[in-house]
Amino acid sequence: MSKQLLIMRHAKSDWSVNTSDFKRPLKLRGKSAAQHMGIWLLQNNLLPDYILSSPAERAKNTTQILVKAMGLTSKQIHYDAQLYTAELRDLRNTLATCPLNAQRVLLIGHNPELESLLECLVKNDLEIPSNGKRLPTATVAGLDMPQDWSNLTANCAKLLFIMRPKQLLAYQ
């Protein structure tokens, strides 16, 4: 099996709650979307063996719901504070820390940085959706990756899929 990267933007957050950006929780719709995406990943045999997540509340909640839906344990989650305010080079540096034996990595974080990473890794394979958003909330992009997590250069990956919650019949 070649290495794969699953890039997921956190699920829909609740802006009506008066709290800091870091502590913003998920909306009910976001919780449902995260659960459905986890079930979809499980049903399609896309279980990660290594999970990296931003520690921001909305990303953390997304990760926990997703992991539960996939039947995995929280021991597989690695929270990285750098992912909250990450820039493209930070994301690449974080991915470079993945164990060499990690075959499928799930990265859960925030836009616009995740879209920048996706564009960098697979620019030639990307179409721009009509709404301009490649990674709306709770969307997962699957990429075929090089064997070395520390050698991620522009256009080094191949886009396998982009799955949005609204594409899942059960979510609609």
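## Aromatic pairs and a helix crossing

Tyr-84 has a relative accessible area of 23% and is therefore partly exposed. The model in which this residue lies is predicted. Phe-22 likewise counts as partly exposed, at 34% relative accessibility. The rings of Phe-22 and Tyr-84 form an edge-to-face pair, because their planes stand at 90 degrees and the cut-off for this class is over 60. Phe-22 belongs to the loop between β1 (3-9) and α1, and Tyr-84 to the loop between β3 (77-79) and α3 (88-96). The pair thus links distant parts of the chain, 62 residues apart.

The structure holds two aromatic pairs; their geometry is tabulated here.

| Pair | Centre to centre | Angle between planes | Class |
|---|---|---|---|
| Phe-22 and Tyr-84 | 4.9 Å | 90 degrees | edge-to-face |
| Trp-40 and Phe-161 | 5.3 Å | 70 degrees | edge-to-face |

Trp-40 in helix α1 and Phe-161 in strand β6 (residues 158-163) are 121 residues apart, and their pair also links distant parts of the chain. Trp-40 is buried, with a relative accessible area of 14%, and Phe-161 is buried at 18%.

Helix α1 (residues 28-43) also packs against helix α2 (residues 57-70): their axes come within 8 Å and cross at roughly 40 degrees. The two helices are therefore oblique to each other, and their crossing is right-handed. On the α1 side the contact comprises Lys-31, Ala-34, Gln-35, Met-37, Gly-38, Ile-39, Leu-41 and Leu-42, which meet Thr-62, Ile-65, Leu-66, Ala-69 and Met-70 of α2. Of the residues in this contact, nine are nonpolar, three polar and one charged.

How values were computed
Residues are numbered from 1 along each chain as its sequence is written. This is a predicted model: local features need pLDDT of at least 70, side-chain atom pairs count only at pLDDT 80 or more; totals for chains, interfaces and linings use all residues. Side-chain values use heavy atoms; hydrogens and water are left out. Axes are lines fitted to C-alpha atoms, for helices over the stretch in contact, and angles run from 0 to 180 degrees between N-to-C directions. Helices (H or I, at least four residues) and strands (E, at least two) are DSSP runs, numbered from the N terminus. Angles under 35 degrees count as roughly parallel, over 145 as roughly antiparallel, 65 to 115 as roughly perpendicular and the rest as oblique. A crossing is left-handed if the near helix is turned anticlockwise from the far one by less than a right angle, and right-handed if clockwise. Contact means heavy atoms within 4.5 Å. Ala, Val, Leu, Ile, Met, Phe, Trp, Tyr, Cys and Pro count as nonpolar, Asp, Glu, Lys and Arg as charged, and the others, Gly among them, as polar. Rings of Phe, Tyr and Trp (its six-membered ring) pair if their centres lie within 6.5 Å; planes under 30 degrees apart count as stacked, over 60 as edge-to-face and the rest as tilted. Buried means under 20% relative accessible area, exposed over 50%, partly exposed in between (1.4 Å probe, protein chains only).
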